[in-house]
Amino acid sequence: MIGRFQGFRLSCGPSIAASAIFLASMPAYAEEAAYSLNIPAQDLDRALRTLARATHMQITFDAALLSGKRTQALKGSYTPRTALGLLLKDTGLVGQTGSSGLIIIRPAPAHVPAALSAPAAGRARAAQPSNNVPHLSPAADDAQTSNIADIIVTAQKRAERLQDVPISVSAFNAQQLQTQQINTTSDLAQMTPSLTMSEQSNVVLPFIRGVGSTAIIPGEVGSISTYIDGVFMPSPFGASYELANIESVQVLKGPQGTLFGRNTAGGAIILNTDQPGFTWKGKLSAQYGNYDSRKVGAYVNGPVSDRVAISLLGSYEKDDGYLHDIIHNERTGELERTMARGSILFRATDNLTLTINADYAKNDDNSGISQQPRNGYQGKTAITPNPTGFYDVALNTEASARIKQYGGSLHIDWDAGPVRVVSITAKRKNRYAVRDYDTDVTPIKYQTISFDEYSDNFSQELQIISNGDGAFKWVVGGFYSNQDAGWNDLSFNGAIFRTNTNAKALAVFADGTYTLGDFKFTGGIRYNIDRLTYTGSLNGVLRADDFKKKYTSATPRAVLSYHPSRDVLAYASYSKGFKSGTFSQTAFSRTPIDPERINAYELGLKLQPVPWLTANAAVYLYDIKGLVVQSQDPVTNLQVLQNAASARTKGFEFEATIRPIPRLDINAGVSYLDAKYRDFDKAQAFVPRAAGLPPLTPDGTGNMSVSVNASGNRVVRSPKWTFNVGASWTIDLPSGGSVVPSAHLFHTSAFFFDAINRLKQDAYTLVNAQIEWRLPGDRFTIAAYGKNLGGTKYLDSFGASTFTDRAVPGSPRTYGVRVGYKF
């Protein structure tokens with residue numbers, strides 16, 4: 001798997017660190033255009049960088065392997081593979097190409113005389129090179145071997161092998177996501193140890209190692225941040241991103257405050273899209289499944305000229321929902337989603353690349369607000385409707401929920417020789433419109449809410465990254481953002497709220513790694529300044545007039561790593577996380593909630609004892625102060641925020657990738673998490689009014705709001721154990737083509753949705769499977785798929801109010817067929 005990078009990317013170090021050059025994707029065996037090249041005789045590593053910039057090839061190499069090697073001059077018109085072969089001639093090295101398109105520079109096997117090793121039989125044929133230079137070979141991760149490919153990540157703002165990075169990272173490429181049916185970011189928890197993803201009122205709530213936020217109030221952006229192509233996604237509503245034309249996903253665990261900044265106290269999710277390249281490729285797909293689910297998509301990527309390339313993506317999805325409204329006796333919770341994305345890459349010079357990205361998404365989905373009363377409700381009698389089925393709801397209104405999000409960004413990437421300069425400028429807009437939301441979720445009409453929520457964000461980041469193979473590598477930079485978030489109108493029972501919180505954030509950061517023999521010392525720090533301004537009115541009367549608050553913080557990290565060989569990495573790290581405080585927008589209080597601060601300690605080990613196995617493990621301890629939790633006003637039923645005084649989480653994770661035989665890939669992960677509130681003596685909670693023996697339920701009298709000492713209770717959405725295992729096997733057919741069966745199992749132990757540990761989700765297991773037939777030529781595919789094949793009943797969210805306990809059930813068994821074509 002490889003990461004996506006704008007322009008030139010380089011990361012290298014003496015003897016042990018892989019050096020990587022990345023640009024737009026190029027299929028390993030596609031027909032290639034010729035490029036006019038003028039590469040003087042020079043050191044081999046510099047020549048490879050020049051070739052990568054000029055042709056947008058993806059190359060990775062060990063710096064020590066190239067030390068002292070020089071190339072002949074290369075001038076004229078060549079295909080990229082021909083040029084690479086000539087540069088490697090008489091060096092004793094070969095370029096091996098993996099199924100992902102990444103070219104790995106390695107020593108030539110004894111039976112390969114020079115330059116590039118020959119391709120495996122049966123592969124698609126490359127453009128014929130001139131000067132009798134052999135073709136590139138499939139790399140060690142190719143179908144004919146049991147070797148596992150290097151995974152390249154950007155957790156430290158530069159391209160590095162996953163096994164060289166002293167951070168706990170789960171990383172996946174597009175093929176893994178597709179075979180394991182990870183279609184949106186909400187599905188990532190099924191493949192990522194210590195990550196949980198749930199949704200509440202169409203707001204995605206990620207938790208990593210017990211750190212996250214249950215808040216769904218405008219301006220509260222959570223503790224786990226999402227980045228798409230380097231751009232911070234500031235709004236949690238609509239944050240279940242479709243993983244279409246995604247090249248890679250990285251889940252960074254633990255505070256990322258030094259390099260990624262505010263609101264990454266628990267970690268970060270990095271999505272890298274397939275950027276424009278200079279070889280035409282594309283795909284078409286269509287699928288149909290139960291619940292009348294249908295989806296179509298199209299994607300194209302290629303050059304407009306020798307210096308301009310584009311990529312375009314569009315998709316449409318619709319289903320009729322899986323919930324049953326017993327009041328109207330009809331299906332509800334329907335989904336309709338439209339998404340478009342486009343990019344233009346300008347290669348202004350061999351050293352300067354500009355990329356413009358734009359995207360638009362519209363999501364109509366009321367399933368997140370079509371909640372069901374559980375265990376009775378206030379006013380329930382023998383004759384009132386009572387939803388008893390797991391997917392039944394009993395709503396007195398038919399609500400609508402529409403999310404629109406759109407934006408654009410400009411990426412500038414300049415290789416200035418000793419340093420690389422990267423600028424990322426972005427503008428994002430999010431809109432969330434809800435009408436007739438039955439917030440009491442009962443068949444009795446107590447309360448409905450309608451609102452228009454918004455989030456507008458501008459951000460600018462500048463990075464200066466060292467080039468070269470010296471012992472000291474560093475990155476410095478700055479970040480600025482300006483966000484407005486609030487409600488244009490929030491109306492319920494005759495009251496109308498209008499609010500806005502403006503948050504300006506400014507930060508500078510520096511991070512460096514020094515290599516001394518087999519040891520590396522990494523240190524970094526980020527200084528943040530956050531300024532908040534809050535205004536709000538109720539029924540046209542100003543209640544909060546420019547209430548202001550300023551926060552400052554310093555978030556350092558320190559890492560000591562021991563890397564005696566390419567196959568062994570051990571590390572110990574300390575990092576500090578910070579999440580800015582915010583105003584609770586319906587409280588009209590001058591006093592915002594406090595920031596969330598985390599001190600994190602981690603020990604990790606990354607191994608590749610044999611070419612067909614990687615095994616990574618980490619143990620960690622977090623001390624958390626000011627943990628933000630959401631509570632609910634018992635009168636208005638609106639959300640308010642509060643701080644838990646402190647919490648502690650500790651645990652361990654283990655992930656393994658295995659290729660026991662060629663073309664059989666197995667991934668597995670397990671995590672143990674002990675996450676508890678240490679000091680939380682005034683937790684707001686809802687408990688049943690009716691007296692009786694446990695387990696107490698609301699029955700016909702509803703709940704009452706109480707203040708409870710939750711110290712010692714488990715942190716919400718934090719199961720003790722999770723486990724996942726997935727496998728895919730490519731089986732060649734005698735008549736040509738192949739069949740690819742794949743399956744994935746995810747298990748979680750029980751966890752709680754509230755701080756007093758009353759609302760419980762029992763342990764459950766999900767099983768997904770797919771079988772895909774790839775016709776001869778590997779262009780047409782036909783697949784049958786199924787998710788939650790066991791029909792497991794589980795909850796996406798579970799909360800409480802004065803009216804009832806309320807829940808949103810998770811997706812039932814779904815299945816269907818999909819056809820695709822790629823070129």
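The model is a predicted one. In that numbering, F588 sits in the loop between β34 (568-579) and β35. The phi angle of F588 is near 55°, a positive value in a residue other than glycine. F588 has a relative accessible area of 12%, so F588 is buried, the limit for that class being under 20%. K157 also has a positive phi without being glycine, in this case near 65°. The place of K157 is the loop between β8 (152-153) and β9 (160-161). K157 counts as buried because its relative accessibility is 12%.

The charged pairs come next. Side chains of opposite charge can pair when their charged atoms come close. With a limit of 4 Å between a side-chain nitrogen of Lys or Arg and a carboxyl oxygen of Asp or Glu, the count is 33 salt bridges. One of them joins E602 and R209, whose closest N and O atoms are 2.9 Å apart.

Another salt bridge is formed by the side chains of R70 and D43, at 3.1 Å from N to O. R70 is in the loop between α2 (63-66) and β4 (74-78), while D43 is in the loop between β2 (35-39) and α1 (44-55); the two are 27 residues apart, and the pair links distant parts of the chain. D43 counts as partly exposed because its relative accessibility is 36%.

The side chains of K822 and D778 also meet in a salt bridge, with 3.8 Å between N and O. This pair, too, links distant parts of the chain: K822 is in strand β50 (residues 814-822), D778 is in the loop between β46 (764-774) and β47 (780-787), and 44 residues separate them. K822, at 40% relative accessibility, counts as partly exposed, and D778 is put in that class at 35%.

Now to a sheet. Strands of a sheet pair through backbone hydrogen bonds, either parallel or antiparallel. Here 5 strands form an open sheet with mixed pairing, in the order β10-β16-β17-β14-β15. Its edge strands, β10 (169-173) and β15 (231-233), each pair on one side only. From one strand to the next the twist averages 20°. Within the sheet, strands β16 (residues 246-253) and β17 (residues 267-273) run antiparallel and are joined by 7 bridges. V249 stands opposite L271 in β17.

How many cavities of 30 Å³ or more does a search of the whole structure find? The search finds 17, and the largest cavity holds about 690 Å³ of space. Its lining has 42 residues, of which Q200, Q630, S631, Q632 and Q639 are the closest to the centre. Elements that each supply at least two lining residues include β28 (419-437), β36 (613-632) and β37 (639-658). By class, the lining of the largest cavity divides into 24 nonpolar, 14 polar and 4 charged residues.

Conventions:
Residues numbered from 1 in each chain as written. Predicted model: local features only at pLDDT ≥ 70, side-chain atom pairs only at ≥ 80, totals over all residues. Heavy atoms only, no water. Helix = DSSP H or I, 4+ residues; strand = E, 2+ residues; numbered from the N terminus. Buried < 20%, exposed > 50% of the residue type's maximum accessible area, 1.4 Å probe, protein only. Pairing = 2+ DSSP bridges. Axes fitted to C-alpha atoms, helices over the stretch in contact; angles between N-to-C directions. 1 Å grid on protein atoms, 1.4 Å probe; cavity = no way out; pocket = protein on both sides within 12 Å on 5 of 7 lines; lining within 4 Å. Points joined across faces, edges and corners; volume = space filled by probe spheres on them. Nonpolar A, V, L, I, M, F, W, Y, C, P; charged D, E, K, R; others polar.
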